[in-house]
Protein chains: 2
Amino acid sequence: MEKFIRVNMTDLTISEKQAPAKYRYLGGRALTSQIILDEVIPNCEPLGEFNKLVIAPGLLGGTTLSSSGRISIGAKSPLTGGIKESNGGGNTAQKLAKMGFKAIIVEGLAENDKFLLVIEKTGAHLVPAGDCASLGTYKLVEKLRETYHGKAGIIAIGPAGEMSLAAAGITNTDKDGNPSRYCGRGGLGAVMGSKGLKAIILDDRNVDNVNYDNESEFKRLASELNKNLQDNNVVKTYRKYGTPAILDLVQELGGLPTKNFSQGKFDRADKISGEAMYDTIIARGGKGKPSHSCMPGCLIGCSSIYPDSNGEVLVAPLEYETIGLMGSNLVIDDLDAIARMNYLCNDYGLDTIEIGAALGVAMQAGLAEFGDSKAAEQMVREIGKGTVLGRMFGSGAAIVGKIMGITRVPTVKGQAMPAYDPRAVKGNGVTYATSPMGADHTSGNCIRGKNPHSPEGQVDLSANSQKMMAAYDSLGLCVFVGAAFNSQLEKVEQLVATKAGKEAIESFLEFGEAVLKSERKFNQLAGLSCKDDRLPEYMKYEKLGPNNLVFDVSDGELDSVGYL
Amino acid sequence: MEKFIRVNMTDLTISEKQAPAKYRYLGGRALTSQIILDEVIPNCEPLGEFNKLVIAPGLLGGTTLSSSGRISIGAKSPLTGGIKESNGGGNTAQKLAKMGFKAIIVEGLAENDKFLLVIEKTGAHLVPAGDCASLGTYKLVEKLRETYHGKAGIIAIGPAGEMSLAAAGITNTDKDGNPSRYCGRGGLGAVMGSKGLKAIILDDRNVDNVNYDNESEFKRLASELNKNLQDNNVVKTYRKYGTPAILDLVQELGGLPTKNFSQGKFDRADKISGEAMYDTIIARGGKGKPSHSCMPGCLIGCSSIYPDSNGEVLVAPLEYETIGLMGSNLVIDDLDAIARMNYLCNDYGLDTIEIGAALGVAMQAGLAEFGDSKAAEQMVREIGKGTVLGRMFGSGAAIVGKIMGITRVPTVKGQAMPAYDPRAVKGNGVTYATSPMGADHTSGNCIRGKNPHSPEGQVDLSANSQKMMAAYDSLGLCVFVGAAFNSQLEKVEQLVATKAGKEAIESFLEFGEAVLKSERKFNQLAGLSCKDDRLPEYMKYEKLGPNNLVFDVSDGELDSVGYL
């Protein structure tokens, strides 16, 4: 039996009910997006009482398949005004799935007060947040694990979410209890904060309600897929260097965001590359680890634990997107400085992509010099203090641009671009423009596609990748499994059938396409249109050095992805 | 011969050419909106090189008809993302018309530099702004009148426009050279600033190129209409008390914005009413005047010169909307304090409606106490200083709400509401929601309509008023002539025929309707839809005291105005 747990923050009631039959074959992003389409007034105020926050493990969550424990969190986004699914790692989806929950749906608004939602074997209840209110995520989780259970999974927001900042994310504990696996994008932390919900504590001791249509066959197939994953060469690279492995390629393509997306190569890229990070971690030793799994059972291990010069943890993990946006984009070549800003963002509960982009715009406006890492760190600290200046940064790049009179702002639908300049990685440009999520690489990363400088073929590449990603996000699978699984999708389809039943999935791609259709439908009902499927104007005209590229995929081609 | 003067700020070229035949019968708002629809890429960046600023006198500009010298300034708005026409008084439209100009079209962007556009009998030229850059409007105009001619008409921006702030307006000199007749709304000052144009100097000495189809008949009809206007009772009230005459009525209806639009009556309304202002002006004497005409030949004289306790000018004029937004909306009952803030806004080049609303939201967020006029004045001064805090206020109410986490923000399409709470004045609510301009009373004020508390009939009332206003705005006529002219529109139609030719206008209402259609078409091409024709969510649910009203005109009815 798989249940929905519905939490009404207005009257502080909770109900647990069997999920309606129509949602049986949906999980993760497919489920959060469908519930939002079905239940959320598209034109509602994102931080108002009619928005809902939906949290769901993927369809394969809680199983023995590697990397299947991603969590989907969805709502109408205060940043984009459209539907959002933000996807994170950690241990929370596995715990939810094991406890037999298909989704948590948080509704209404608590007047001023803040609460914790505790879910345990005996049931779920809300308790006043008390001393936990306003805590940074690190102290918060430490305190909650003391109060509740040392191995509880925790979904939480930091002060940024409580301040309703549009760059606020929602964090999840990893397998070691480190609260740094972010559903970072789209300002969902602000939605959770607006509802008065500070954290969700998942105590799954002595519960395992994961059901299989054919358990033995599932385990056989999962074991086969796991082995393929383990042996894959791309996966091995990620295991060694983590996501920063990609930096060299992006630099080579001239698409590494540098100086607020004004250059595509950073002359000191070697200081912040995957190799540089690996070497530093190895040299410093101590608690540092170049490879680390965010969720139990993951065979990829793309995460890292980045130590300071004494071998103590500085931040974990340190990811490529953070390095691109807070490093090269700010002309900062110091991994330690980037790691410190990353730690602060994690603690305050912020999306590092959005904040890195916001600081880039602020630097262009003259609020600090590019390359001044101390000033950048100070700007991040302002957000934690909740000053108006800090709140501006925490509201994202688009708002900083509006206030500071800067039109060179790398956003789509109000959301900042990840660390691939779309003029040099045009497939990603198509994804940024046309994804229902706003600028987001995880919606359809095309970095490994052919001829990324040419506008030819990018629409098909992105459209296909968007469908694939929507399917992976719905199964709860990490996108990195694609390196091994994309070539054997029929096996993944079989696996889903042995877990959820034969009718669950016919075609992997169609499964993903259906999710995108629901999401686009919501966005259209919310007032978004093909006019919102555009990159910022300057990227069509300002040439990106050193390859002198502009974004030249035509509007008509972009519209063919979502609106024809 | 009526000409277009086209100024390209990118290459600093100017051309004067006869206006194309298709624009022959268009003037004012009809002309600015049509040129924008024809020439501006709807989806362009409002502060980028593809937006255009269009300035046009009305079709009756420069004539002897009273109150016919309103100026229309249009562009794509950085505040609403849609088309904008902002309409102002003063002497600039009359001068443009007399010089034979149908429109000034400002295109492109000047790199960093700032310029003045000088238009005189011998031609037009751009000169570097030099010391004029960054000046407040009062010093600026004083300096320009010294440099050029003591009676030159001036269209200018203050520092707010130069900072690209979305609440920046464009000011026009009045007949005495006071630069306080604002095309205030929609952030057009930021558009002018983005183009690097600080001011336009109009020296119309020894020129009078106003042409008539039938001059004698025009003068006969104009004289008849002028007399009706002079004798009209509503007009007499405006002449005595100015626009604040309306305050008592709005208070009576329970629609006076109080405490960030949370109450509809202000318990100290009598201290800021039209009568209070009149009594103060009379009692203080000196340079104060309860009645004053902003343009030569105006028989209404709704403006005022508000003196300080020594009889020196504190600000001129002091208008109802400013009193509502910076007075009751901030729980401030001190006309002097309101006048000081008004003066600062005029000097910095800001829309007092947008700033009053922004401060209301900021006070709700706790940045100052409601009723603290010193703090409010200090907040306005921050804008002049160009601090991040000030820039936030100067970016308007919607942005302040986003940064400060406040969802009770009285805006439509990002633009702040004027001083009529739409829950108590529902016709204005329909106008705010459905006007292509965003929340704007001048697009269709229904304050004198029947049963303003009832949702019944408001759609028809507003739709009709919007057509009327679009027509008046296109003729260059002040809306206040409506009190006398609305009952004799056939005479106005005849008058237009004697000025511009028999084919100029068939029906006054259809003339206005055509303008609205062009504007809605632009907005749709820019990505706006019926989903943007909505009031803020809270106004549908939060009851406005003391009459416990919500805005209950249905979405379907709203859509019938623009989208059926």
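Contact here means heavy atoms within 4.5 Å. The model is predicted: local features need pLDDT of at least 70, side-chain atom pairs count only at pLDDT 80 or more, and totals for chains, interfaces and linings use all residues. Residues are numbered from 1 along each chain as its sequence is written, chains are lettered from A in the order in which they are written, and side-chain values use heavy atoms, with hydrogens and water left out.

**View 1. The interface of chain B and chain A.** The contact takes 31 residues from chain B and 31 residues from chain A. About 2500 Å² is buried between the two chains, 63% of it from carbon and sulfur atoms; buried area is the accessible area (1.4 Å probe) that two parts lose on being put together, summed over both. On the side of chain B, the residues that lose the most area to chain A are B:Val388, B:Ile403 and B:Glu537, together 25% of what that side buries.

**View 2. Helix α20 of chain A.** Helices (H or I, at least four residues) and strands (E, at least two) are DSSP runs, numbered from the N terminus. The 18 residues of α20 (residues 508-525) should span 26 Å at 1.5 Å a residue, and the end C-alpha atoms are 27 Å apart, which agrees; the expected span is 1.5 Å times one less than the number of residues. Among the buried residues of α20(A) are A:Phe508, A:Phe511 and A:Phe522. Buried means under 20% relative accessible area, exposed over 50%, and partly exposed in between (1.4 Å probe, protein chains only). A:Gly527, which follows α20(A), has a positive phi, near 105 degrees.

**View 3. The salt bridge of A:Glu107 and A:Arg6.** Their side chains meet at 2.6 Å, N to O. A:Glu107 lies in strand β6 (residues 101-107) and A:Arg6 in strand β1 (residues 3-8) of chain A, so the pair ties together parts 101 residues apart in sequence. A:Glu107 counts as buried at 13% relative accessibility, while A:Arg6, at 25%, counts as partly exposed.

View 4. The closest N and O atoms of A:Arg381 and A:Glu377 are 3.3 Å apart. Both residues lie in α13 (residues 373-385), four residues apart, about one turn of the helix. A:Arg381 is partly exposed at 35%, and A:Glu377 is buried at 12%.

Note on methods: A salt bridge is a side-chain nitrogen of Lys or Arg within 4 Å of a carboxyl oxygen of Asp or Glu.
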